[in-house]
Every structure is written in structure tokens, then in C-alpha cells.
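Trainee: I would like to learn how to read a model of this kind, feature by feature. Please give me the general idea each time, then the case at hand.

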Amino acid sequence: MNLSHDLIEKDESPIIGFSGEVTKAIGKVKMLITVADKSILGSFMLLDCRAPYDAIVGRDWLHATGAVTSSYHQCLKIITPEGVVKVRSDQMVAHKFHENAIDEYRKSEVSGNQILRVKQK
């Protein structure tokens, strides 16, 4: 995400995945989330793992915005002064961003046959 390190708060809370696996957060960050005319500060746990999600918003953010979710319709609805706003995901765009993130992750890995050498002073 290219976040400045001073924005990241230390947090090693255990996170339990959907299939029961446990991992530790590497930190958390607070970011302003804006949908329609509503801006709410959200707190996100940062994980160093591959996941099919870019972010998962919690009940606190949903309640603060008054959003209503529909897993069947794959959208959020939020009431604004101008009327109801429907927020839909764009699976093609999400897939593209996820693919780019995986490519960057792979570039940062060291393969088993590479040998790292440290120059001694």
C-alpha cells in the first residue's frame, strides 16, 4: 500500500481466518473511508499474507455510516440527503489490483536457489 511507516501503529493481535488459521497482524492503520457524502475513520489491521480481499470493513464502520449490506446482491446501500446510494464492487478492477499486488509480492520473494551474500567490513 506504500503507507508511510509513521501512520502504522504497532499491533500484533492474532487474527483468525475463515478456515480457522491464525496469523498475527503486523500493525494497524487508521484511514478515512469516504462513500457518497459520508467520511468515517476506519481502523484496519495490516497482514502480510495472500488473501482474496483487499479490505474487510467491520460492523463499527457499517453502523457509523448507516450502511446496509447485501451479500446476495454484492453491494452496500447508504442513505444520504440526496437519496439512497448503492455501492457495488467492480470484480474486474479488484482482480487487476489483486494480480498487481501478487506480482509485487513475488518480486520481493527470494527463491530457494538464490544465495545472499553479505559483505564484511
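The dialogue below goes from confidence and fold to single residues.

Mentor: This is a predicted model, in which local features need pLDDT of at least 70, side-chain atom pairs count only at pLDDT 80 or more, and totals for chains, interfaces and linings use all residues. Residues are numbered from 1 along each chain as its sequence is written, and side-chain values use heavy atoms, with hydrogens and water left out.

Trainee: What is the mean pLDDT of the chain, and where is confidence lowest?

Mentor: pLDDT is the predictor's confidence in each residue, from 0 to 100. Where pLDDT is low, the predicted coordinates should not be read in detail. Here the chain has a mean of 78, with 84% of its residues at 70 or more. Confidence is lowest in helix 2 (residues 91-108), with a mean of 74, and highest in strand 5 (residues 68-70), at 88.

Trainee: How many helices and strands does the chain have?

Mentor: Helices (H or I, at least four residues) and strands (E, at least two) are DSSP runs, numbered from the N terminus. The chain has 2 helices and 7 strands, in the order β-β-β-β-α-β-β-β-α along the sequence.

Trainee: How many bridges join strand 3 to strand 4?

Mentor: Two strands pair if DSSP finds at least two bridges between them. Strand 3 (residues 27-35) and strand 4 (residues 38-46) run antiparallel and are joined by 9 bridges. Lysine 28 has methionine 45 in strand 4 as its bridge partner, and isoleucine 33 stands opposite isoleucine 40 in strand 4. The hairpin of these strands has 2 residues between them, and alanine 36 takes a positive phi there, near 55 degrees.

Trainee: Which residues make up the largest nonpolar core?

Mentor: Two terms come first. Buried means under 20% relative accessible area, exposed over 50%, and partly exposed in between (1.4 Å probe, protein chains only). A nonpolar core is a set of buried Ala, Val, Leu, Ile, Met, Phe, Trp, Tyr and Cys residues joined through side-chain atoms within 4.5 Å. The largest one here has 11 residues: Val29, Ile33, Val35, Ile40, Phe44, Leu46, Trp61, Leu62, Ala67, Leu76 and Ile78. Strand 3, strand 4, helix 1 (59-65) and strand 6 (75-80) are the elements that give two or more residues to this core. Of the 121 residues of the chain, 16% count as buried.

Trainee: Why does threonine 65 count as buried, and which residues does it contact?

Mentor: Threonine 65, in helix 1, counts as buried because its relative accessibility is 1%. Contact means heavy atoms within 4.5 Å. Apart from neighbours within four places in sequence, threonine 65 is in contact with Lys38, Ile40 and Ile78. A polar contact is a pair of N or O atoms within 3.5 Å; within protein, one must be able to donate a hydrogen and the other to accept it, and residues adjacent in sequence count only if both atoms are side-chain atoms. A polar atom of the threonine 65 side chain lies 3.3 Å from the backbone nitrogen of alanine 67.

Trainee: Is aspartate 11 buried or exposed?

Mentor: Aspartate 11 counts as buried, because its relative accessibility is 14%. Aspartate 11 is in the segment before strand 1 (14-16). Leaving out residues up to four places away in sequence, aspartate 11 touches Ala25, Ile26, Gly27, Lys28 and Met45.

Trainee: What does arginine 88 contact?

Mentor: Arginine 88 is in strand 7 (residues 83-88). Neighbours within four places in sequence aside, arginine 88 contacts His73, Gln74 and Cys75. Its side chain reaches the backbone oxygen of histidine 73 at 3.1 Å. Arginine 88 and cysteine 75 are 13 residues apart in sequence, with 4.6 Å from C-alpha to C-alpha.

Trainee: What is the phi of glutamine 74, and where is that residue?

Mentor: Glutamine 74 has a phi near 55 degrees, a positive value in a residue other than glycine. Glutamine 74 sits in the loop between strand 5 and strand 6, and counts as partly exposed because its relative accessibility is 48%.

Trainee: Which residues does valine 85 touch?

Mentor: Valine 85, in strand 7, touches Ala36, Leu76, Lys77, Ile78 and Thr80, not counting residues up to four places away in sequence. At 25% relative accessibility, valine 85 counts as partly exposed.
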